[in-house]
Amino acid sequence: MSNALRIAAIDALLPQTQCGKCGHPGCQPYAEGIAAGEAINKCPPGGTATIHALANLLQVPELPLALPATPAQIAVIREAECIGCTKCIQACPVDAIVGAAKLMHTVISDECTGCELCIAPCPVDCIDLITLTAPQASIQRERADQFRARHQARLARQARDDARRRAARSTPVARAQAETAVSRATSDDDQAARLKRLKIEASMAKVAYEKIRKQVAMHPDSPFTAQLDALQHASEQAAAALQVAQHAVPSALTVAAASDDGALKRAKIDAAMSRAQLQKALKAFGEAPDAHQRRQLDTLRQAAEKAQRQLDERLPTPSDKTSDAGEQALKQAKIEVANRRAALQSGERRGVDDALLSTLRADYAAAQQALHDAEQRCGKPAPQRVLVDKAGVSAELRQLKTDLAYARADLSRLQRSADTESDTLNAALERLAVAERRLQAHISAT
């Protein structure tokens, strides 16, 4: 067996939590370490079952677990306490947390590995770990391939982002050389680049002259007095060169450039105002808007999307425009899931009528479907739908599991508070019991 196949076989036996408790940044690096002779007993989430499987594969003696075993678990964010700092999103190795800056975050329970990496960065300690039952733990273990694919997709995305940042941090000399090479493609481009350079030089010369002039006016004995005439002469020369260049540039090119710049500025303003109106309405209507308010939100959302499309059409087209648009759509889909889920949770807590609750659940399910579609368009794995097809896990079962997780989280939060009234605590206990009965009844029926 080649070393690559050996590493792949070892990695296939690991739980793919990507927790780092083994001392490596993920399961794949630990598999490489085991293939190189490292001990097989450093995986707390895998426990003795993983040690036994690795010992059989490698034909080595079994060893006692080096660290206490970690039970199968998932993270749950107490969303009412979340401040939207995004630190947990940055820490999650499988992109199982959705949200945006200054907006509520939430955990996609079917994607969470229970790695605990989101706990420490949270500045308000609003993340709980819920231990899974034996059947749930078995299902989570079967998702190892899903977790591996999501982790690899995250690493690939981070590599793309790093490449973009490195390109943006290129030296001014390199950027100037690139602009010069492009500007020489046509005479119009060459003239426009020269005009831009002269504008910058004239502006810098004028700023330098005005700065020294003000200092000399305030302090006549300033040592810069001797430089004033030279700076004034340089500023006048730069302005004259710019004026000559402006007359040399074809008027049609100048008018077109000015028109394009003005249209781009208007598009940016329209997009910013549309987004601001939408955000203002979202805050004003709260987490559970009524039917009329939802229609208003849909209208504002469509207007914001239209303004953004018009802005995108006027922006310079980058080589990876398709990828950037896909990433933007994915980000918007994640935010929509978080907003719909918050509205559903608020409605359940307030005990709204069944008709509105059904509408909120339908909106949440549609947002989840849109998120999976966006992940597929971006080339990210969307194994949740595949898992539904193969294992027969229905959307109803996922919703019941989500309800149970929220009921447990709410009860835990109320139990930690010393001011919780007994009626509120009893209601939370009853909600948890109802959620458990519904989930058990669904599992028994299937």
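Predicted model: local features only at pLDDT ≥ 70, side-chain atom pairs only at ≥ 80, totals over all residues.
Biologist: What does the pLDDT of the chain average?

Modeller: The average is 79, and 83% of the residues score at least 70. pLDDT is the predictor's confidence in each residue, from 0 to 100.

Biologist: Which elements have the lowest and the highest mean pLDDT?

Modeller: Helix α14 (residues 383–391) has the lowest, at 39, and strand β1 (residues 73–77) the highest, at 96. Across residues 381–393 the pLDDT is below 50, and that stretch has 23 contacts in the model beyond near neighbours in sequence.

Biologist: How many helices and strands are there?

Modeller: The chain has 16 helices and four strands. Both are DSSP runs numbered from the N terminus: helices are H or I with at least four residues, strands are E with at least two.

Biologist: OK, helices. At what angle do α1 and α3 cross?

Modeller: Helix α1 (residues 3–13) and helix α3 (residues 47–58) cross at roughly 160 degrees, and their axes come within 9 Å. Axes are lines fitted to C-alpha atoms, for helices over the stretch in contact, and angles run from 0 to 180 degrees between N-to-C directions. The two helices are therefore roughly antiparallel to each other. The cut-offs are under 35 degrees for roughly parallel, over 145 for roughly antiparallel, 65 to 115 for roughly perpendicular, and oblique for the rest.

Biologist: Which residues meet there?

Modeller: From α1, Arg6, Ala9, Ile10 and Leu13; from α3, Thr50, Ala53, Leu54, Leu57 and Leu58. By class, the contact of α1 with α3 has seven nonpolar residues, one polar and one charged. Ala, Val, Leu, Ile, Met, Phe, Trp, Tyr, Cys and Pro count as nonpolar, Asp, Glu, Lys and Arg as charged, and the others, Gly among them, as polar.

Biologist: And how far apart are the axes of α1 and α2?

Modeller: They are 8 Å apart, and α1 packs with helix α2 (residues 27–35) at an angle of about 125 degrees. That makes α1 and α2 oblique to each other. The α1 side of the contact is Asn3, Arg6, Ile7, Ile10 and Asp11, and the α2 side is Cys27, Gln28, Ala31, Glu32, Ile34 and Ala35. The classes are six nonpolar, two polar and three charged.

Biologist: Different topic. Is Leu264 buried or exposed, and what is its relative accessible area?

Modeller: Leu264 is buried, with a relative accessible area of 17%. Buried means under 20%, exposed over 50% and partly exposed in between, using a 1.4 Å probe and protein chains only. Leu264 is in helix α10 (residues 251–285). Not counting residues up to four places away in sequence, Leu264 touches Leu311, Arg314 and Leu315. The C-alpha atoms of Leu264 and Leu311 are separated by 6.9 Å, with the two residues 47 apart along the chain.

Biologist: What about Arg361, and what does it touch?

Modeller: Arg361 touches Leu344, Glu348 and Asp403, not counting residues up to four places away in sequence. Arg361 sits in helix α13 (residues 354–377) and is partly exposed, at 31% relative accessible area.

Note on methods: Residues numbered from 1 in each chain as written. Heavy atoms only, no water. Contact = heavy atoms within 4.5 Å.
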